[in-house]
Amino acid sequence: MKKFKFQLETLLKVTKRKKDDAEQQFAESSRKLEEYRAQLQVLMRELSEGQAEFAEKTSAGKTITVDVIMMYNQFFNWKRHQIEQQQDLIIKATQDKQQKLKLLMKVMTYLKSIEQLKEKRLNEYNAELLFEEQKMLDEIGLQLSMRH
């Protein structure tokens with residue numbers, strides 16, 4: 001009997017490659033998102049440290065010049081602007097990650113359906129093979145019983 005050959009084997013291979021690519025893109029977008037979140041934490045910590053430093057300089061009746069106040073004000077505004085930009089990057093990266101996840105899920109579903117079809121075809125092939133083998137054994141048994 002002929003060997004099992006799945007007609008959609010090429011489609012299966014291409015879909016597996018697409019799944020691998022989608023997994024890689026999803027992992028990259030996840031990594032980028034985590035990187036952006038870590039950078040946001042750094043910016044928040046820098047702002048907090050600056051505020052603590054400013055509070056220390058202004059506490060306990062210490063004199064502080066207008067120039068120092070303006071310098072800290074510029075620093076705080078700059079840090080807040082950086083934080084806002086980083087938050088925007090995080091929002092965009094989160095959306096990108098969700099898009100990549102949807103694509104990955106779509107490809108995985110498609111791949112699973114092809115694999116299930118292949119499994120079904122293989123089971124049909126094996127059932128057909130078993131039927132042919134049983135038919136051959138029945139014929140041999142019939143020939144042996146007729147000879148005796």
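A residue is termed buried when its relative accessible area is under 20%. In this predicted model, buried residues account for 18% of the 148 residues in the chain.

**View 1. Overall form of the predicted chain.** The chain contains two helices and zero strands. Its radius of gyration is 34 Å, well over the 15 Å that the globule rule gives for 148 residues, so the chain is more spread out than a compact globule. The C-alpha trace spans about 120 × 25 × 15 Å along its principal axes.

View 2. T63 is located in the loop between α1 and α2, the latter comprising residues 66-147. With a relative accessible area of 81%, T63 is exposed, because exposed denotes a value over 50%.

**View 3. Separation of T63 and D20.** T63 and D20 stand 43 residues apart along the chain, and a distance of 63 Å separates their C-alpha atoms. The T63 end of this pair belongs to the loop between the two helices, α1 and α2.

Technical notes. Residues numbered from 1 in each chain as written. Predicted model: local features only at pLDDT ≥ 70, side-chain atom pairs only at ≥ 80, totals over all residues. Heavy atoms only, no water. Helix = DSSP H or I, 4+ residues; strand = E, 2+ residues; numbered from the N terminus. Rg over C-alpha atoms; globule rule 2.2 N^0.38 Å. Buried < 20%, exposed > 50% of the residue type's maximum accessible area, 1.4 Å probe, protein only.
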